[in-house]
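The sequence and the coordinates are shown first.

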Amino acid sequence: MESEKSRKPAHRVVVLALTGLLPFELGIPHRIFGRAKDPAGRPLYEILTCGLAPGAVRTDADFAIHVEHGPELLATADTVVVPASYELGPVHEEGRLTDELAAALAHIRPGTRLVSICTGGYVLAAAGYLDGRPATTHWACAAHFQRLFPAVRVDPDVLYTDDGDVLTSAGVAAGVDLCLHIVRRDHGAAVANEVARRTVVPPHREGGQAQFIARPMPEPQLASTTAARAWVLDRLHEPLRLTDLARQEAMSVRTFTRRFREESGVSPGRWIVDRRVERARQLLEQTELPMEQVARDSGFGTAQSLRKHVQAALGVSPTAYRRTFRAACVPGPGPEPGNLTSPDGPSDGAGAVH
């Protein structure tokens with residue numbers, strides 16, 4: 001049995017609270033990382049907050065927060081998170097750090113993982129951390145962000161970017177998605193899904209999903225594609241055709257495809273691929289099934305197809321993924337599943353989307 005002395009200390013996340021911060025976004029790391037537990041129920045992360053100085057930090061609301069730690073705490077972090085602020089001054093206006101902020105960031109050790117939520121990315125960019133890297137921010141700020149920081153490869157459409165040790169997200173809810181993605185990357189799908197379940201949020205939205213969905217909630221008089229999605233989740237292991245999905249909603253294929261993209265931000269085909277990858281991840285974490293069986297049960301059909309899609313989505317092979325997460329997985333309820341021969345599905349209504 002593992003002793004307390006031999007147990008690896010929890011990964012320390014330090015959140016940098018800046019003047020004008022948004023309280024909701026400040027709370028995201030605490031809520032998401034704070035819910036992640038190991039099989040024995042012990043926290044996997046330690047979350048602490050610091051400011052440019054200890055004391056009161058003004059928010060964009062009608063209250064301030066009290067921060068006990070100063071910037072020296074950044075030197076102890078394994079991950080630093082910079083949430084959004086509406087009062088970044090020269091950082092936002094000129095793309096440069098103030099002396100005080102530069103001195104604070106100088107405490108961060110080389111190799112520390114850096115994360116921004118929404119306009120927190122301006123801080124990372126002004127410090128030079130994003131030069132030559134992919135990044136995103138709130139869609140309304142993306143054009144300004146790119147003009148201010150031409151060395152950054154800004155993607156204005158995605159929910160979040162992951163460049164290994166530097167990750168950025170779009171606004172508000174995308175910060176939740178990014179933190180869940182980090183938990184999933186660190187500890188596997190089962191842990192992340194349990195955090196999502198306890199937080200009552202969707203367990204997984206891919207970083208490449210569009211920030212802006214034309215119709216986030218269907219208008220009352222219009223049918224949605226919810227029934228079709230529920231129907232798919234029970235049949236991920238079967239060949240799926242757009243005509244079958246459209247039939248669940250009594251729509252033409254063209255109408256169904258348009259409505260699905262409006263509601264989910266991705267094509268039906270892309271959505272099914274994501275659900276199948278999610279299903280495969282959980283099977284790899286929670287079972288010892290051979291790869292051919294994992295492939296069949298998740299809807300990919302063959303081990304070769306499974307390997308192709310898992311490698312594309314996760315950057316590692318199914319075998320490597322299982323080796324990383326199988327021993328430490330947290331058993332959980334059934335997966336919220338996700339192949340398509342093409343990420344965007346077939347070009348005509350009769351094509352299969354498996």
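F33 and Y45 are both buried in this predicted model. The structure holds six aromatic pairs, and F33 with Y45 is one of them: the ring centres lie 4.8 Å apart and the planes meet at 50°, so the pair is tilted. Because F33 belongs to helix α1 and Y45 to strand β2 (residues 45–50), the pair ties together parts that are 12 residues apart in sequence.

A further pair is formed by Y122 and F145. Their planes stand at 90° with the ring centres 4.9 Å apart, so this pair is edge-to-face. Y122 lies in helix α4 (residues 121–126) and F145 in helix α5 (residues 142–148), so parts 23 residues apart in sequence are tied together. Both Y122 and F145 are buried. Ring pairs also bring in F149, which forms a cluster with Y122 and F145. The two pairs are set out below; in general, a pair of aromatic rings is described by the distance of the centres and the angle of the planes.

| Ring pair | Distance of centres | Angle of planes | Class |
|---|---|---|---|
| F33 and Y45 | 4.8 Å | 50° | tilted |
| Y122 and F145 | 4.9 Å | 90° | edge-to-face |

An aromatic ring also takes part in an arrangement with a charged side chain: R229 lies over the face of F260, 5.3 Å from the ring centre.

Helix α1 (23–34), which carries F33, has 12 residues and reaches 16 Å from its first C-alpha to its last, close to the 16 Å expected at 1.5 Å a residue. Its buried residues are E25, L26, I28, P29, I32 and F33. These residues cover an arc of only 150° around the axis, which puts them on the same side of α1.

How are the buried residues of α14 placed around the axis? In this helix (residues 318–325), P318, Y321, R322 and F325 are buried. They cover an arc of only 100° around the axis, and therefore lie on the same side of α14. The exposed residues R323 and T324 are carried by the face turned away from the buried side. The buried residues of α14 pack against α6 (173–187), α7 (189–199), α11 (268–286), α12 (291–298) and α13 (303–314).

**Strand pairing**

Strand β5 (residues 79–82) is covered on both faces, with T79 and V81 buried on one side and V80 and V82 buried on the other. β5 pairs with β1 in the parallel sense over three bridges, and four bridges join β5 to strand β6 (residues 113–117), again running parallel. V80 takes part in both pairings: V80 is the bridge partner of V14, and L114 in β6 is the bridge partner of V80.

The arrangement of β3 (residues 55–58) and β4 (residues 64–67) is antiparallel, with four bridges joining the strands. A hairpin of five residues connects β3 to β4, and A56 stands opposite H66 in β4.

**A buried loop residue**

Not counting residues up to four places away in sequence, L18 touches L52, V57, R58, V82, S85, L88, L101 and V123. L18 and T59 are 41 residues apart in sequence, while their C-alpha atoms are 8.3 Å apart in space.

**Positive phi in loops**

Most residues other than glycine have a negative phi. V172 lies in the loop between β10 (166–169) and α6, and is partly exposed with a relative accessible area of 37%. A250 likewise has a positive phi, of about 55°, although it is not a glycine. The loop that holds A250 runs between α9 (242–248) and α10 (253–264). A250 is exposed, with a relative accessible area of 74%.

Conventions
Residues numbered from 1 in each chain as written. Predicted model: local features only at pLDDT ≥ 70, side-chain atom pairs only at ≥ 80, totals over all residues. Heavy atoms only, no water. Helix = DSSP H or I, 4+ residues; strand = E, 2+ residues; numbered from the N terminus. Contact = heavy atoms within 4.5 Å. Phe/Tyr/Trp six-rings, centres within 6.5 Å; stacked < 30°, edge-to-face > 60°. Buried < 20%, exposed > 50% of the residue type's maximum accessible area, 1.4 Å probe, protein only. Lys NZ or Arg CZ within 6 Å of the ring centre and 35° of its normal. Expected span 1.5 Å × (residues − 1). Arc of directions from axis to C-beta. Pairing = 2+ DSSP bridges.
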